[in-house]
Amino acid sequence: MLVLSLAACGPGGSPRDQAGTHPVSTNPQPNPTSTNPRANPTEERGCAALPSLRTQLAQLLLVGFPGTRPGAVSRRLVDRGVGGLLLFRGNVASAGQVRALVADLKGRAEIPLEVAVDQEPGTRVARLAGIVRATPSARQLGRLPADRVERYGQAIGRDLAALGITADLAPVLDVTGARWDGIIGDRSFGADPATAGRAAVAFMRGLSAGGVAPVGKHFPGHGATTVDSHRRLPVVEASMARLNARDLVPFRAAIHSGLDAVMVGHLLVRAVDPRTPATLSPAVVGGLLRERMGFGGLAVSDALEMGAIASTVPLPVAAERAVAAGVDQLVLSGHTAVPAVLGHLERAVAAGRLSKARVREAFLRVQRFKRVDRWSGC
């Protein structure tokens, strides 16, 4: 299915490729006849030469880094060709500092750089608290009319865009259980699927209107779990009928409303794949998300260092398995494993465990998400 999807990728792309709601990149087009040491001159006519395999793989990484100022680590990551950088609280001191940091790093990038952050409503997961305008929690927003929720999302989107940030790892699309004391809690817009979907879609539209790309999470639904995936693997025991009637409702609504990116959670969803965490599961990513839910945008992993994965699978192996399962972008909270991950992925391609077609498909999805039109003919 993935190969067929790739073969069908023409200039028009998927509906989301045609109707993206965040700003289109204004980067100048390269001269297709120029010599580029990373280019592959054998690419087909009508498609600008793709970069080398190593650069394509590096573009699949969204990586955290240390420091509040551009330094050797962050600049080396950009020079290595990573597709995006992820801001955490340790990267933040003031609005002016963040703006300068982001501008410096984006200015170094040969391929336009994604700069992402977790900035959800409320205070629990808000890396830019005190800089970006505060909002009520998602739980509280879920009780408001959709137009008010959208305005809150737009305010956050504008503040993030003013700092140079391009993507927000929000909104949470999880539906909580009847109680609010689960792991997700008030990060969810509600315990009712329709309510959660309505509010999350409104917030998503606001972020897009404000100028940043939303990333809905945590597919296929983390809301009813009581286990923290930062520590160990949560198990979702719900039947397929229950998933369709509850957990998948907000994801379906967001996808139908044009969501460009979905983060896959570290969850063992027994009704879909009783043995493999969702992030590493072809049945979840390729089967449920792509085939049954019709999602053609960017599939993003949750951070691969989290205990739900790292306790049983070495990080480079997890990266290979996630890409093979259909994940397009790999989140690494820290930078130290980047060389090992890229080296392992290159060897996986050389050994035939990971196809060049799958890497290319993921690379092109990352570029479409970033609104990089250099390879729009692919």
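The structure is a predicted model. Its mean pLDDT is 87, and 84% of the residues reach 70 or more. Over residues 1–45, however, the pLDDT is below 50, although this stretch has 69 contacts in the model beyond near neighbours in sequence. Where pLDDT is low, the predicted coordinates should not be read in detail.

**His344**

- His344 lies in helix H13, which covers residues 338–350.
- With a relative accessible area of 14%, His344 counts as buried, because the cut-off for that class is under 20%.
- The side chain of His344 makes a polar contact with the side chain of Glu320, at 2.7 Å.
- Leaving aside neighbours within four places in sequence, His344 is in contact with Pro316, Val317, Glu320 and Arg353.

**Gly216**

- Gly216 belongs to strand E6, which runs over residues 216–219.
- The relative accessible area of Gly216 is 0%, so this residue is buried.
- Residues up to four places away in sequence not being counted, Gly216 touches Ala170, Pro171 and Leu173, as well as Leu259, Ala261, Val262 and Met263.
- Asp174 stands 42 residues from Gly216 along the chain, and the C-alpha atoms of the two are separated by 9.1 Å.

- The structure holds 19 salt bridges, and one of them joins the side chains of Asp79 and Arg108 at 2.6 Å, N to O.
- This pair links distant parts of the chain, with Asp79 in helix H4 (residues 72–80) and Arg108 in helix H5 (residues 95–108), 29 residues apart.
- Asp79 is partly exposed, with a relative accessible area of 38%, and Arg108 is partly exposed at 37%.
- Another salt bridge brings together the side chains of Glu237 and Arg270, at 3.2 Å, N to O.
- The second pair also links distant parts of the chain, 33 residues apart: Glu237 is in the loop between strand E7 (235–236) and helix H9 (240–256), and Arg270 is in the loop between strand E9 (268–269) and helix H10 (282–292).
- Glu237 is exposed, with a relative accessible area of 57%, whereas Arg270 is partly exposed, at 38%.

**A buried pair and a network**

- Asp247 forms a salt bridge with Arg246, and their closest N and O atoms are 2.8 Å apart.
- Both Asp247 and Arg246 are buried.
- Salt bridges that share partners join Asp118, Glu120, Arg127, Arg187 and Lys217 into one network.

Methods
Residues numbered from 1 in each chain as written. Predicted model: local features only at pLDDT ≥ 70, side-chain atom pairs only at ≥ 80, totals over all residues. Heavy atoms only, no water. pLDDT = per-residue confidence, 0-100. Contact = heavy atoms within 4.5 Å. Helix = DSSP H or I, 4+ residues; strand = E, 2+ residues; numbered from the N terminus. Buried < 20%, exposed > 50% of the residue type's maximum accessible area, 1.4 Å probe, protein only. Polar contact = N/O pair within 3.5 Å; in protein donor to acceptor, adjacent residues only side chain to side chain. Salt bridge = Lys/Arg side-chain N within 4 Å of Asp/Glu carboxyl O.
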